[in-house]
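Biologist: I have not looked at this one before. Can you take me through some of the residues and contacts?

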Amino acid sequence: MPEPTIFELSSPGRQGAYFPEPDVPRTEIPEEILRDNLPLPEIAEVDVVRHFTRLSQLNHGVDTGFYPLGSCTMKYNPKVNEQTARLGGFAKIHPLQPVETVQGAVGLMYELQEWLKEISGFSGVSLQPAAGAHGELTGVLIMRAYHKSRGDHKRIKMLIPDSAHGTNPASSAMSGLKIVEIPSDARGNIDMDALCAECDDTLAGIMITNPNTLGLFEEKFMEVCDCVHEAGGLVYGDGANLNAIMGISRPADCGVDVLHFNLHKTFSTPHGGGGPGSGPVGVTAELAPFLPGPIATVIDEGGEEEPPLYGLVNPENSIGRVKAFHGHFSIMVRAFTYMMMLGGEGLKAVSEHAVLNANYLQARLRDTYKIPHDRICMHEFVAEGHWEDVPDVHALDISKRLMDFGFHPPTNYFPLIVPEALMIEPTETESKETLDAFADTLIQIAEEARTNPEMLQTAPHNTPFGRLDEVKAARELVLCCWFPEEEED
Ligand SMILES: *Cc1c(COP(=O)(O)O)cnc(C)c1O
């Protein structure tokens, strides 16, 4: 039974809002724009507060429980990030203000760019893109602009390993490139023979996720980059999985030419509700002239007494803007706060703990769940949510049952190369107790699958809604369960 909507709580004459007497003259509003049957709820303040507070608790969030959604890096979002993002000097400025009046904000953008360069090894960074996939599109457009600037018009082919994130082929296709899928080998690495066979003079480049979506580090990463470079192609690195390698391995040092970061994954800014995110792009010196602007720069170093003077510039061969104004600035403030709180050593520790936590969970589960690519993993790993002796229980049933215990399910049925995939990413912010509780629950569920499979097949049992028809829920999205009565003419 759905809870009553705020309109159903309405009682004629009840009031929760009080308006001051108008201090401007009253005027007549034209008849034709007035509606006398506008159905507004009449409700007291306390009921409004209870209604929305209750709604806010119906959803699972990282502040309410463990959220091991693979590839999404649902780490805890420290509250200090929110405090800094709300500082007046950041929150109450206007994007059209003259740059001299917002030096602190532009300085923050500059420092953030520098930190991202240091972490990745790149020469140039643009903070414009609004999310990871948007960063991909930007990066691929930069690759195209580079080839075009050299009169190299034949390069229309993008290689995408089958262990890549689904947004990679989408970004390439949107950029007008032809996609060629490269298979993985038995160890979960890119198949080198298949890759090299495609490296010819029509190659625009490769989009490679490393660590890949199996949670594995490409063991021949540098050979892959060399093979693509020798054919005149460029290497796009999907940096969304940077949480595994910060302070340990730098994509630019390995041969990557262009990469996006997910500030709303690696750098603890909130995500999951559709935004806003931030997906800055880093590039080599050769590609820097093509970056979208504006980019924060130091105009004048300043001196002992004088602070530096920051400005915003557009690179000479820029592909153009990809986002209004300066990108999602408030997300940049949160990410920069996170970096400042941790420092360089702290960021490295983040990656070490993220990898440790994933390996710990993998080790605790490998006797119960099949792990098809069972080797040391990075920040996540992929298990099979299926057993031969219980053919009627599937990954989805396991995930739904997890919800009864207050856990968000792992990513299901992705990557596609593992049947019945359960992709588990614990992140570094979870304690050993939480990891153990999760592992114990998954082990208990495996036992239930044998003793009481129906318990799984009909789960979840404890959530506000039971099992939804997922296809229908996505295709026929109903976000509002109340509609005003039809107006009568
Ligand atoms: C999340 C993710 C993306 C896309 O990022 P969005 O911000 O969701 O657009 C791309 N690649 C990988 C590997 C990811 O995990």
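Biologist: Is Asn168 buried or exposed?
Modeller: This is a predicted model. In it, Asn168 counts as buried because its relative accessible area is 0%, and the cut-off for buried is under 20%.

Biologist: Which helix is Asn168 in?
Modeller: Helix H6, which covers residues 167-174.

Biologist: Which side chains make polar contacts with the side chain of Asn168?
Modeller: Thr209 does, at 3.3 Å, and so does Asp238, at 3.0 Å. Leaving out neighbours within four places in sequence, the residues in contact with Asn168 are Glu136, Ile160, Met207, Thr209 and Asp238.

Biologist: Switching to charges. How many salt bridges does the structure hold?
Modeller: There are 23. One of them pairs the side chains of Asp200 and Lys157, with 3.0 Å from N to O.

Biologist: Where do Asp200 and Lys157 sit along the chain?
Modeller: Asp200 is in the loop between helix H7 (192-197) and strand S4 (203-209), and Lys157 is in strand S2 (residues 157-161), so this pair ties together parts 43 residues apart in sequence.

Biologist: What about the salt bridge between Lys400 and Glu470, what is its N to O distance?
Modeller: For Lys400 and Glu470 it is 2.6 Å. That pair links distant parts of the chain, 70 residues apart: Lys400 belongs to helix H12 (residues 395-404) and Glu470 to helix H15 (residues 470-475). Lys400 is buried, with 13% relative accessible area, while Glu470 is partly exposed, with 41%.

Biologist: Which residues are linked in a network of salt bridges?
Modeller: Arg364, Lys432, Asp436 and Asp440 are.

Biologist: Different topic. How many disulfides are there?
Modeller: The count is zero. As for individual cysteines, Cys196 is partly exposed at 35% relative accessibility, and Cys227 is buried at 14%.

Biologist: Which residues make the nonpolar surface patch of about 310 Å²?
Modeller: Ile29, Ile33 and Leu34. Leu34 lies in the segment before helix H1 (45-56) and is partly exposed, with a relative accessible area of 47%.

Biologist: Last one: where is His264?
Modeller: His264 is in helix H10, residues 263-266. At 8% relative accessibility, His264 is buried. Apart from neighbours within four places in sequence, its contacts include Ala131, Gly132 and Ser278.

Technical notes:
Residues are numbered from 1 along each chain as its sequence is written. This is a predicted model: local features need pLDDT of at least 70, side-chain atom pairs count only at pLDDT 80 or more; totals for chains, interfaces and linings use all residues. Side-chain values use heavy atoms; hydrogens and water are left out. Helices (H or I, at least four residues) and strands (E, at least two) are DSSP runs, numbered from the N terminus. Buried means under 20% relative accessible area, exposed over 50%, partly exposed in between (1.4 Å probe, protein chains only). A polar contact is a pair of N or O atoms within 3.5 Å; within protein, one must be able to donate a hydrogen and the other to accept it, and residues adjacent in sequence count only if both atoms are side-chain atoms. Contact means heavy atoms within 4.5 Å. A disulfide is a pair of cysteine sulfur atoms within 2.5 Å. Patches are made of residues with over 30% relative accessible area and no salt bridge: like charges are joined within 9 Å, nonpolar side chains (Val, Leu, Ile, Met, Phe, Trp, Tyr) within 5 Å. Accessible areas come from the Shrake-Rupley method with a 1.4 Å probe; for residues, only the protein chains shown count as cover. A salt bridge is a side-chain nitrogen of Lys or Arg within 4 Å of a carboxyl oxygen of Asp or Glu.
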